[in-house]
Amino acid sequence: MGDVLLKVNGADFHVQAGDGESLLSVLRNRLQLTGTKYGCGEGQCGACTVIIDGRARRSCRTVAATIAGSITTVEGLEHNGNLSTVQQAFLDEEALQCGYCTSGMIMSATALLRDHVQPSDQEILQYMNGNICRCGSYPRILAAVKRASQRLAQGGGHGR
């Protein structure tokens with residue numbers, strides 16, 4: 001075990017992490033940030049997606065001790081008690097059902113919209129590929145990402 005400094009959702013945390021311990025494990029078990037979900041453990045389902053320095057990354061396959069940048073989890077997207085534009089769009093479009101994929105989908109969509117405020121349907125599908133929804137809510141997820149994109153393009157919203 002070694003001491004690791006992580007910047008998560010704008011705050012610095014000193015945590016003990018085992019050699020090779022995943023960022024997912026540290027977030028959930030040490031920092032109690034349980035919005036990031038354990039899915040497959042192999043980086044294939046997207047449930048564990050977080051944003052590291054603006055890029056969507058699978059936290060189950062990321063070694064905690066290797067992170068030098070800023071980490072954002074789904075808990076870090078709200079601002080002054082308000083949901084982010086993407087989170088609100090997911091609620092408005094009812095783009096969540098069982099919740100297994102929701103935080104990973106929201107984090108991937110957030111990362112996409114930070115780089116491409118007005119992506120085409122094909123760009124959304126391509127970027128979100130690899131995020132698995134067990135319930136098959138893909139049409140509503142696509143609608144939510146498009147709704148968030150429209151709001152952001154119009155200058156509304158926050159916490160892309």
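Contact here means heavy atoms within 4.5 Å. Helices (H or I, at least four residues) and strands (E, at least two) are DSSP runs, numbered from the N terminus. Axes are lines fitted to C-alpha atoms, for helices over the stretch in contact, and angles run from 0 to 180 degrees between N-to-C directions.

The model is predicted, so local features need pLDDT of at least 70 and side-chain atom pairs count only at pLDDT 80 or more, while totals for chains, interfaces and linings use all residues. Residues are numbered from 1 along each chain as its sequence is written, and side-chain values use heavy atoms, with hydrogens and water left out.

**The sheet**

Five strands form an open sheet in the order β2-β1-β5-β3-β4, with mixed pairing, where two strands are taken to pair if DSSP finds at least two bridges between them. The edges are held by β2 (11–17) and β4 (55–58), each of which has a single partner strand, so one side of each is left without a neighbour in the sheet. From one strand to the next, the twist averages 45 degrees.

Strands of a sheet pair through backbone hydrogen bonds, either parallel or antiparallel. In this model β1 and β2 run antiparallel and are joined by seven bridges, with K7 standing opposite D12 in β2. These two strands form a hairpin with two residues between them, and N9 in the turn has a positive phi of about 50 degrees. A second hairpin is formed by β3 and β4, also with two residues between the strands, and here D53 in the turn has a positive phi of about 50 degrees. The strands β3 and β4 run antiparallel and are joined by four bridges, and I51 stands opposite A56 in β4. Strand β3 (residues 49–52) is also joined by two bridges to β5 (residues 70–72), again in an antiparallel arrangement, and the bridge partner of I52 in β5 is I71.

**Helices on the sheet**

Helix α1 (residues 23–30) packs on the sheet, where it touches β1 (2–8), β2, β3 and β5, and its direction makes about 105 degrees with that of β2. Helix α3 (residues 102–115) lies across β3, β4 and β5 and runs at about 30 degrees to β3.

**Helices against helices**

| Helix pair | Angle | Axes |
|---|---|---|
| α3 and α4 | about 130 degrees | 10 Å apart |
| α4 and α5 | roughly 115 degrees | within 11 Å |
| α2 and α5 | about 135 degrees | 8 Å apart |

Angles under 35 degrees count as roughly parallel, over 145 as roughly antiparallel, 65 to 115 as roughly perpendicular and the rest as oblique. By this scale α2 is oblique to α5, and α3 and α4 are likewise oblique to each other. A crossing is left-handed if the near helix is turned anticlockwise from the far one by less than a right angle, and right-handed if clockwise.

The crossing of α3 and α4 is right-handed. Here M105, S108, A109, A111 and L112 of α3 meet I124, Y127 and M128 of α4, and by class this contact has seven nonpolar, one polar and no charged residues. In these classes Ala, Val, Leu, Ile, Met, Phe, Trp, Tyr, Cys and Pro count as nonpolar, Asp, Glu, Lys and Arg as charged, and the others, Gly among them, as polar.

Helix α4 passes α5 in a right-handed crossing, in which D121, I124, L125 and M128 of α4 touch I141, L142, V145 and K146 of α5. The residues of this contact divide into six nonpolar, no polar and two charged.

A right-handed crossing also describes how α2 passes α5. From α2 the residues T85, V86, Q88, A89, F90 and D92 meet I141, A144, V145, R147, A148, R151 and L152 in α5, a contact with eight nonpolar, two polar and three charged residues.

**Salt bridges**

Side chains of opposite charge can pair when their charged atoms come close. With a salt bridge defined as a side-chain nitrogen of Lys or Arg within 4 Å of a carboxyl oxygen of Asp or Glu, the count comes to five. One of them joins the side chains of D92 and R151, at 2.5 Å from N to O. This pair links distant parts of the chain, since D92 lies in helix α2 (residues 85–92) and R151 in helix α5 (residues 138–153), 59 residues apart.
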